[in-house]
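Biologist: I am new to this structure and would like to learn how to read it. Please take me through a few features.

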Amino acid sequence: MKLLGIVLCVAFLALQAKSAQAVCGYESCHETKSNMVNIHLVPHSHDDVGWLKTVDQYYYGHRNNIQHAGVQYIIDTVISELIKNPDRRFIQVETSFFSKWWDEQSETMRAIVKKLVNEGRLQFINGAWSMNDEAAVNYQSVIDQFTVGLKFLDDTFGVCGRPRVGWQIDPFGHSREQASIYAQMGFDGEFFSRMDHNDKGRRMNDLALEMIWDASESMSQVKLFTGLLYTFYWDTPGFCFDVHCSDDPIIDSDSYDNNVKSRVDGFIAYAAEVAAKFRTNHIMIPMGGDFQYEDAEVNYKNMDKLIKYVNERQSSGSKYNIIYSTPTCYLNSVHKSVQSYPNKTLDFFPYGSDTNSFWTGYYTSRPTQKRFERDGNHILQVAKQLSAFAELSSTEQKEDLEYLREIMGVMQHHDAITGTEKQHVSDDYDRILYDAIVGGVKTAGDALRKLTNLPNGEFESCLQLNISQCAFTKDGADNVVVTVYNPLAHTSTQYVRVPVKNENYQVTDDKGRVVASELLPVPTEVLALEFRDQDTQHELVFKATVDKIASYYIKKVDSKESSTAVRIISQPKTNAETYDDGETTVQTSLIKLVLDNKTGLLKRVEMNGVSENIEQSYGLYRTYDSGAYVFRQYNQGDFVIQEDGVEFTVYEGALVKEVHQRFSDYISQVIRISEDKPYVEFEWLVGPIPVEEDFGTEVVTIFSSEIASEGVFYTDSNGRELIRREKNQREDFTPELAVQPTSGNYYPITSRIALQDSKKRLAILNDRAQGGSSMKDGQIELMLHRRLVRDDGYGVGEALNEEKYGKPLIARGKVFLILNAADESTAAEREAEKEFHLPLWKFFSKNSGSTTAAAKSVPSFDDFPKSVHLLTLEPFNDDEILLRVENFKDHIEGKVVSFNILPIFDYLNGVEIRETTLDGNMPLSEMKQFKFHAEGSGVRGSEPEYYTSSHKPLSANQTQDAAEFAVTLYPMQIRTFIIKH
């Protein structure tokens, strides 16, 4: 230990001596040679934030019998090796791991690392808390996790810690919205390594591995340079110098085994192969892989030799120049080269690694975890807003909120929300997310005790409302207060459902006015869940209208004062022969549903002045070798849609109408329409799914209409803009679909899928990420649940066969149907999307009768234009609040809107306000972003070009006029502000 201290002290003094001329960013890049092929050697380690091992097991190097990996040792040894040679470089990607390591370091080590960062020798790339997935994530959570990661880097290292380049090398397909987020953060480009094998082959031939991505249809200025790695993110084939590899080291001594010539010959041959596929005289070759550099001396010693001997050949005419580099420095060189690149306008889904392997199963894998992640985001937004309003400041409150932010960052990881991890890792994700949610609920409760007239309220949350269970009401709901919080900007009217006993209740609002309510039975199939507490078998339903916070009071009453009883208007039919040929009609003032009494299925929907024959049912794919990643249909005949035999019961109340349907022993649902709500809700319950010894089962819901969609449908990109899909088609290449025609037409659906013809439009919205498609005209399918018997061979090493409570997993969720005329605006779908993603959050307290005036009021955002979403409001620093506002309608649905944020500035006791890039960590006035020339976009200049902000960044203080606080938002635009108070 004494020797280590001396080494650190000497290293620290040496680094200090260099500090005067230290530079970071692009200025720290090594010189290149204009007349040579410049090989940018990029040392890196890809460190999954959970996959085969848990997050902590990976960090500490625990359970190496599963996979040898210890991130703390990787960072330790890399730092030691960087100190030895100022030419060396390394990129650190996952901020969650680095943050954990940083917390354990001495001040001396921290000083050394800061110097390395300031000299550009250790560079942060991507910078998010994790390397997020791009299929199953919602844009709000992606932005949040970048904010957390980049804020840590900014707080710790300042401007030298800020990444300039995205590094999404392992996600299984790439979304346009991710590119848009990078561009809006001021990043200069991104790199990834997975692309459909046919697309990659074509791009190789056309020198199109690098491109300009038009990342938004509504925001024409949002573009991003995007590059695909030549092979994969692993080392150059044959040149893995890591202790985990068996490739030959470079032997340069006076030895019989000296292999310098053969090793250099092989590397230059590979470099020539790569250089032939790119447009400039710069190529990037990654040197690293999963959890490599645990003994970094081995890696760097051999890379030093490789660089030495490749460059020595220049004296004898070689045209290859090799340097230690980073993706940032490579992109800088490409930018200086002033080339033209092809355009990309859609996305890179689905990812097909071969003709039998489309990675579309993970769009749905682990459906309950995908939903739990959405719950985590929901309470995070609630807790952040409430913390800002209530000015919470205790250490525990701040730590609980930060922990929830960080765990939500972990959940965006490309082996977390995707469901592609081992089961014990999935269990650990559930554990840490549950703990984080509990902390978020506690923080929200602390805020509500200040912001409501219930200073002693419990403000408990019920996380099992999806199975109509709540510990707070299981013994009775007499004298219960339900406080609902609306995280949206605008007043929202939604139905609240509270699990109760079959008793008589009355609901009143804050002013003592009686609110209409009714009791509905919990579905039989939900009551039959063995793990469910059976104390409550009904739900009390009432309509809540909420600006930001409202409380509703429930009390037990005599029957004459109580909730309206529902009417049972159709008993379940147990024998198909007893059906007549008639119909059952269920309707509200806005919607009419018609069910076929013979089949038991929905057959027609009427709403918004449109009537359409829509049959909704469930289908089963019988699959042989599907896995967590890949959905593989065994043969086309192994897909069966249930066409009849559905039992149903109708419950009709004044507020809500429900059709309880039973399709089989493991599939049931409730079709629900509610007064004044312009959509049809389908609440499904699927499981335990039966399997055979050799075959798994994958369950989809199917909506079949007579809409002439002609193979065209639309899917969302991470919950934001829609992308036009065409069956069997791709934007840039011809896919091979003969073996897997269905899987090859599946796309990620994180919020919405739609189709239309010239007269009608059908949209289905969901409550979590799922895979979906339109395999027939007028038909939409969404995959809900999967139970499989084999691993698909892509690394996880387990069959996706989840169990809970000792039984195969049962999942419950919702999808929503909106039918409209084709020429009507899709704005209603947008508004519903927001309501489903961030509905009212319910808190429960006992009505003790003791109330007092709220200590602090809550502002209203109803003055915002209707298309403006309160995307983020959260404490940023002790004296700063981060505010994000979004015009959530696109260029077809919406328009440019303007409004003033002085009222919220004043409410927060603002002193000054500054506008930043999307992540909140860089002043927008400082953004200077690489601009690349797209083919066909006019004459290419001869000098490198840059983008700056397309509008004047807002900057004001409390002494200035209201006009200085005016905000204009173009369709789909997000603007981010830091308010100092």
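Biologist: Is Tyr629 buried or exposed?

Modeller: Buried means under 20% relative accessible area, exposed over 50%, and partly exposed in between, with a 1.4 Å probe and protein chains only. Tyr629 is buried, at 2%, and Tyr794 is partly exposed, at 23%. This is a predicted model, where local features need pLDDT of at least 70, side-chain atom pairs count only at pLDDT 80 or more, and totals for chains, interfaces and linings use all residues. Residues are numbered from 1 along each chain as its sequence is written, and side-chain values use heavy atoms, with hydrogens and water left out.

Biologist: How many aromatic pairs does a search of the whole structure find?

Modeller: Rings of Phe, Tyr and Trp (its six-membered ring) pair if their centres lie within 6.5 Å; planes under 30 degrees apart are stacked, over 60 edge-to-face, the rest tilted. The search finds 61 aromatic pairs. Tyr629 and Tyr794 have ring centres 6.4 Å apart and planes at 80 degrees, so their pair is edge-to-face.

Biologist: Which side chain of opposite charge is nearest to Arg89?

Modeller: Lys and Arg count as positive, Asp and Glu as negative; His and the chain ends are not counted. A salt bridge needs a side-chain nitrogen of Lys or Arg within 4 Å of a carboxyl oxygen of Asp or Glu. For Arg89 the nearest such side chain is Asp87, 5.9 Å away, and buried Arg89 has no salt bridge.

Biologist: Where does the charged end of Arg790 sit?

Modeller: A charge sits over a ring if NZ of Lys or CZ of Arg is within 6 Å of the ring centre and within 35 degrees of the ring normal. The charged end of Arg790 sits over the ring of Tyr624, 3.8 Å from its centre.
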